[in-house]
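This report describes one protein model for a reader who is new to structures. Please look at the sequence and the model before reading on.

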Amino acid sequence: MTCVKPEDLDLPSPGAVWNSLPLPGLMLNAEGRVVAMNDAAEVWLNMSRNSTIGKKLDGEPLAKKLRVVPSLMPLVTRVMGTDEALYQGDVQFEIGDRAGGHETRRAAVHAGPAAEPHDLVSLLLVPLTDAGLRYQSKAVKSAARSAIGMAEMLAHEIKNPLAGIRGAAQLMSMNATPEDREMADMIVSESRRIVALLDQVEKFGDTSAPHLRPVNIHDILENVRRSASVGFARDINMVPDYDPSLPPALADPDQLTQVCLNLVKNAAEALAHTERPTIRLHSFYDHTLRLPPDDDDPAGRALPLQIVIEDNGPGLPPAIADQIFEPFVSGRENGTGLGLALVSKIITDHGALIRVDSRPGRTSFRISLPKA
């Protein structure tokens with residue numbers, strides 16, 4: 001085994017600010033060797049610079065002191081190859097102690113190209129409080145179940161009298177004056193709109209699991225593209241950009257179609273006043289993306305299959321950008337705010353992820369799915 005000594009490396013000097021950051025920071029080269037670490041990293045990883053620099057982060061020399069799950073090398077390699085900043089949501093660091101035991105710590109890892117020199121990757125670790133995260137997750141799920149139950153009950157109770165109101169208004173319009181008939185028709189129209197809204201609310205109460213099976217995501221995207229092109233997006237340039245080598249995804253085809261159709265419809269509505277409106281349907285493979293580790297999958301479930309629905313519209317309003325997947329949050333004047341909340345629910349039920357990146361001139365929704 002070749003041993004690389006710190007003096008054999010061309011070590012960078014990240015600067016006083018980087019060294020004094022309160023968050024643990026590391027710099028790795030293309031081989032995955034640690035070439036710099038700040039004071040916070042020494043403390044959090046319980047390893048000194050002298051014993052760490054020059055060694056591979058997931059290599060044998062450090063194995064007794066540190067084990068990283070999942071490995072960060074795919075993340076480092078992708079940053080090296082694309083010059084992009086990437087994010088790994090939950091990484092497990094098994095840190096050794098002098099007694100021969102291990103303490104498990106978790107952190108979100110932000111990876112990006114180092115400013116100087118350019119052939120290094122900078123890793124910033126944001127420690128996670130495991131117990132706090134679990135408690136928060138349970139609290140949120142409990143609150144969501146309560147809200148869903150209440151919404152479902154209210155929707156059911158409101159729809160019954162609405163049916164009677166709509167029927168009475170239709171009867172009134174048959175023998176009414178033109179002016180009264182206009183008012184009756186408005187009652188019928190508004191009643192139907194409320195029923196459609198309540199139908200969406202009731203969908204949140206559907207707790208049945210998705211029917212997962214192998215799905216060709218390009219078949220889904222093409223069906224959505226064709227449907228949109230002859231309907232609500234007939235005046236929009238729909239650009240398919242697929243990776244034909246992708247394997248099948250594990251998904252419910254009907255629900256995934258509903259999700260993609262909803263996202264494309266939202267994009268089309270956002271492009272109403274945009275010159276040369278364009279929606280791009282993009283697919284690609286990203287082997288670095290995983291769900292946080294759990295008891296069923298200690299390494300974190302891999303989500304390598306990516307669907308991106310992107311438009312060149314004005315972007316999300318800054319005031320709601322962080323709450324866009326929450327119920328009743330909408331950027332449209334007459335929007336219900338339920339469409340994206342339902343999309344988020346479906347994707348979560350799949351054990352998958354959805355994220356949004358928005359700025360003026362570009363908004364993209366990215367769905368990350370598991371392989372079948």
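The model is predicted: local features need pLDDT of at least 70, side-chain atom pairs count only at pLDDT 80 or more, and totals for chains, interfaces and linings use all residues. Residues are numbered from 1 along each chain as its sequence is written, and side-chain values use heavy atoms, with hydrogens and water left out.

**The sheet**

Helices (H or I, at least four residues) and strands (E, at least two) are DSSP runs, numbered from the N terminus. Two strands count as paired if DSSP finds at least two bridges between them. Five strands form an open sheet in the order β8-β10-β11-β13-β12, and the pairing is mixed. At the edges are β8 (237–241) and β12 (353–359), each of which pairs on one side only. From one strand to the next, the twist averages 15°. Axes here are lines fitted to C-alpha atoms, for helices over the stretch in contact, and angles run from 0 to 180 degrees between N-to-C directions.

Strands β12 and β13 (residues 362–369) run antiparallel and are joined by seven bridges. R359 stands opposite R362 in β13. The hairpin of these strands has two residues between them, and G361 there takes a positive phi near 95°.

**Helices on the sheet**

Contact means heavy atoms within 4.5 Å. Helix α8 (residues 253–270) lies across β8, β10 (278–285), β11 (305–311), β12 and β13, and runs at about 175° to β13. Helix α9 (residues 339–349) also packs on the sheet, where it touches β12 and β13; its direction makes about 140° with that of β12.

**Nonpolar cores**

A nonpolar core is a set of buried Ala, Val, Leu, Ile, Met, Phe, Trp, Tyr and Cys residues joined through side-chain atoms within 4.5 Å. Buried means under 20% relative accessible area, exposed over 50%, and partly exposed in between (1.4 Å probe, protein chains only). In soluble globular proteins, nonpolar side chains tend to be buried together.

The largest core has 37 residues, and C260, L263, V264, I279, I309, I367 and L369 have the most contacts inside it. At least two residues each come from α7, β9 (249–251), α8, β10, β11, α9 and β13. Helix α8 gives the largest share, seven residues. Apart from residues up to four places away in sequence, C260 touches I220, L221, V224, I309 and I367. A second, separate core of 28 residues includes M37, L62, L72 and A107.

The table gives relative accessible areas.

| Residue | Relative accessible area |
|---|---|
| E222 | 17% |
| R106 | 18% |
| G339 | 16% |

E222 is found in helix α7 (residues 217–229). Leaving aside neighbours within four places in sequence, E222 is in contact with P240 and Y242. R106 lies in strand β5 (residues 102–113). The side chain of R106 makes a polar contact with the side chain of Q92 (3.4 Å). A polar contact is a pair of N or O atoms within 3.5 Å; within protein, one must be able to donate a hydrogen and the other to accept it, and residues adjacent in sequence count only if both atoms are side-chain atoms. G339 is part of helix α9. G339 and N262 are 77 residues apart in sequence, and their C-alpha atoms are 6.9 Å apart in space.
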